[in-house]
Amino acid sequence: MDFFAHHILSVVLFTPLVGALILLFVPREQDSVPRLVGNVFGVLGFLVSLPLVHWWHSDWGGFTFEENADWIPSIGARYHLGIDGISLLLVMLTTFLGMIAIFSSWSAIKLRQKEYYILLLLLQVGMIGVFVSLDFFLFYVFWEVMLVPMYFLIGVWGSDRRLYAAIKFFLYTLAGSVVMLLAILALYFYAPAAADGSRTFDVPTLLAAVKDFPDSLRVWLFWGFFFAFAIKVPMFPFHTWLPDAHTEAPTAGSVILAGVLLKMGTYGFIRFSLPLLPTDTVLRARIIHIVIVLSLIGIIYGALVCLMQKDMKRLIAYSSVSHLGFCTLGIFALNPNGLSGSVLQQINHGISTGALFLIVGVLYERRHTRLISEFGGLATPMPNFAAIYLIISLSSLGMPLLNGFIGEFTILQGAFQVSKAWAAWGSLGVVLGAAYLLWLYQRVMFGPVTNPINEKLPDLNAREYATLIPLVILAFWIGIYPKPFFAFIEKPLERIVHQVNPGFYGAEHAKLPPLEMQPAVVETK
Amino acid sequence: MNIPFIDAIRSYLQGDGATILPEMELTLFGLGILLIGFSSKDSVENSGIWKLIFKDFYAKTAFVGTVFSAFTLWKLRGQVAMRGDLVGFHETVVVDGFFLFFAGLFLAATALVILLSVKYLEIEKEEEGEYYALLLFACVGMMLMASGFDLIVMFLGLETMALSFYVLTGFLRRDKRSNEAALKYVLLGAFSSGILAYGFSILYGLSGTTNVRLLSYAFDPSSPLAQAIQLSRQPGPGGEAMRERFASQYPAALHLDPSMLLHQMPLFAAAAFVLVAVGLFFKVAAVPFHQWAPDVYEGAPTPVTTYISVASKTASFALLLRLFLTVFAASHEMWLYVVGGVAIATLTWGNLAALTQTNVKRLLAYSSISHVGFILLGLVSGNNTALIGIGYYLFAYVFMTIGAFAVVIVLRQKGIIGDELEDLNGLYQRSPVSALLLLVFMLSLAGIPPTAGFMGKYFIFLSLIETKHTVLAVFAVLYIVPALYYYFRIIVHAWLKQPGDAPRVLMSNAQAVALGVAVFVTLAAGLYPEPFTRLAHYAFGQ
């Protein structure tokens, strides 16, 4: 137990790997065994991550559960793990969605099951690794390792244009990440060496060293990291890989792609890009301006393109561009509201878009098509499905009492504090979001059943309930009582804002009425 | 008991002989194979236990030869650790960390190629002892290239290697492509050797010496030799003594002006550099001197292709490094841009040409050209990190490339050539293990962590950043993207296409061992690089 407590992050990180290794030795002829092992380790991966929440203390602002061991001493790379509130939420999202994605494949995947579950579990390792590494070298290894299983998930189990989508995904992401590699190396090289001349890849050390960097270097480093993260998020104009990859991937792949993979980009922005922003106000304002404009274009462009889609999955894929635009908008507002809204919105997007992909998966398993025109009036044969789909749609479009509202509202509040124009353009995205999601819902679910095949579609079965209901519960939970979620990220974000926007708290205090109020003197005689 | 002859041999082996003992052993084994091959052509057809022993007799003998040689090398390492670098034959060969590192690499490559050759030759019906003897002779040549400290020895080593390769390339006598490749290789190889020899002769003409150490002094105005020459020009007893020393040991120095070599005769110095560089760029297949590589790679028997692409390239790099880090070290600033330009051209051409290949061997030929580009970039930065990076890169390159070719060799079954991309179709269904190994090697060649190939690139990129060649670094990293694309074309065929009526893939034990070693090193050097970086540190004396 003691070992478990001290190495909790390693346990969380490598549990899926153990599953993958076990699966490797399962004979190919056994059809149901890989499925069973995959699911067991999906659930196990989630269960071992639960103690993280249990042991968490809301006062913690820095990195905890740290593990630090030698790895490659000659270059100063270490096996350094640790999480703060932000990474904790993302790790939990990963293990949770991973479990659901694995479970959702129960009957959808019939071909090469063993390899499928091995790859999904390996993907889990890569994604968790990205969120928990506190060593740039280790981070980069996980960042790249994760591409390979995703490539195969799209390339083997995807739909018609899978080969194109898979390699496009791989090449786009790789192009960004190799530039990031250079930025990491530059950060490594320009940070002052230790007394004995050794250098380090340690994330906290290097990010602290950034303080003394000249602004010109910081700008270069910022852009070096920017492309990797912007492609991953994806921000407009780097988003073109996303619709293809999301559309062609199998359901579980899309859930993981949208739910977790995109968050690696936003996580990178918060963790690595913000501290690299130059201190010079003009330079900084220029950079922020560019990023914000790209975010706003992403929000609106993504939403407009959604209105045009004929393919359900492609529509939801483009909606991710729009929703992730909110996340980057919040991050670069650089205030607590924007940032916390952004982190929460990342979780929300994982829940609601993940659920939307599952819903498309439900339809696809029944009809083997994703074209909107093939459906219509499904609410009649599938009433329970209609209810759940409605809740998820409303959650995604930001209906109050559901999770999307909390995230988007907080982000817009943060943006408003900086610039009213940003908030105004952002709100336009919310309106458009309601339009495309409700219109989609209307075309698929309402009206008479136009296609006779759809008349006898079975409603959700127990397994599908089991994958969707937890997401619905979470959507309500965050929508009604988001405080526990904000509690995780409050302190770490406070530290980040202190570091990157030191003037903010001072300015906020100045706005408040002075504390020393004149006591109302009541003359009593 | 004192037998003069034995004593003479013994003292020889403790003196100069020790420095070339590994090479001598290989030569003896090679000659032994040839002799047995001549004398017992038909007597091997025995039955029973003899058949078991004599099965693949030549291959076994050659393999034992490399093991012997490696063992001697290991003992030499102990001596070097105790007594410092060993120098022999009037400072024409040297045994230092550099030599030990590269010789070990050549022996490993030779042993792996021997393991991969057995079944291939059986299928091609060319089971001749000469093949293995030539492999060993080529290895001797390569080891001399790494240990040579004199232009003549270096050139002899290079030619020993090259001549063996010419024959090996054409070893499939009944195959047109093999013959054509051999002819091309001979013509272009002889041409490049000639250019190199011309460069060497100018070096000799300028400095009056072929010794690498003296040459490096002669080209460095701040070296001790330059100061000694200055002293010998002075009148007085000090100058007189120095003149006498020169007259007895290095007469050419009396007429030599080190500052003149670079500054008053820049044309000749530059010509010497360019000719040597061109000769060596031919050998390592850098653009624009790479045209022979794809044809030779495609035509040669696949194990020989493997050997050429890893060992010959590594040996030529050893020679190139030895010269560039000593003789041309002082003029680094002057050739930096030349080598940088060649590196960028190599990267560009290698990567772009590989994109459209349909033959796996040709594709790997272009990919190996692009790897040369990365290694040359290390030479451009030229600091300590870069040297370690070059060592690491070559080390990783040897094992991952052998692995990649080994999969192609395994695919060569009776009735199937197996080197077209189409032949890989559905490899995953036919042999999951080979497909998995192929994936690892391709990821490593592309430079995706956690594999050896990534670590090699890591050091090269870091060195470029350290020496502020940011633009080159950006160029170089972006070439990983097209590289990944063409490596993954192979993966697409092996993993994502359906198999036709191709048979299951059968792997012999020897092939399995070779693949196992290659994949182990490729993964180990990526997951836990520490011991391997120490090895690279050792090679460059740090």
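Student: How many salt bridges are counted between chain B and chain A?
Tutor: For a salt bridge, a side-chain nitrogen of Lys or Arg has to sit within 4 Å of a carboxyl oxygen of Asp or Glu. By that rule, the count over all chains comes to 20. Between chain B and chain A, though, the count is 0.

Student: Before we go on, what kind of model is this?
Tutor: Residues are numbered from 1 along each chain as its sequence is written, while chains are lettered from A and ligands numbered from 1 in the order in which they are written. Side-chain values use heavy atoms, with hydrogens and water left out; local features need pLDDT of at least 70, side-chain atom pairs count only at pLDDT 80 or more, and totals for chains, interfaces and linings use all residues, this model being predicted.

Student: What share of the area buried between chain B and chain A do carbon and sulfur atoms give?
Tutor: Buried area is the accessible area (1.4 Å probe) that two parts lose on being put together, summed over both. Here 36 residues of chain B are in contact (heavy atoms within 4.5 Å) with 34 of chain A. They bury about 3,200 Å², and the carbon and sulfur share is 80%.

Student: Which element gives the most to the side of chain B that touches chain A?
Tutor: Helices are DSSP runs of H or I with at least four residues, numbered from the N terminus. Those giving two or more residues to that side include α22 (452–466) and α24 (480–496) of chain B. With 9 residues, the top contributor is α24(B).

Student: Are α4(A) and α12(A) roughly parallel or antiparallel?
Tutor: Axes are lines fitted to C-alpha atoms over the stretch in contact, with angles from 0 to 180 degrees between N-to-C directions. The axes of α4 (residues 85–104) and α12 (residues 251–276) of chain A come within 9 Å and cross at roughly 170°. Angles under 35 degrees count as roughly parallel, over 145 as roughly antiparallel, 65 to 115 as roughly perpendicular and the rest as oblique. So α4(A) and α12(A) are roughly antiparallel.

Student: And how far apart are the axes of α6 and α19 in chain B?
Tutor: Helix α6 (residues 97–124) and helix α19 (residues 384–411) of chain B pack at about 0°, which makes them roughly parallel. Among the residues making the contact are B:F101 and B:L105 of α6(B), with B:L394 and B:F395 of α19(B). The axes are apart by 11 Å.

Student: Which residue forms a salt bridge with A:R366?
Tutor: A:R366 lies in α15 (residues 336–367) of chain A and its partner in α19 (residues 462–480) of chain A, so the pair ties together parts 98 residues apart in sequence. The closest N and O atoms are 2.9 Å apart, and the partner is A:E464.
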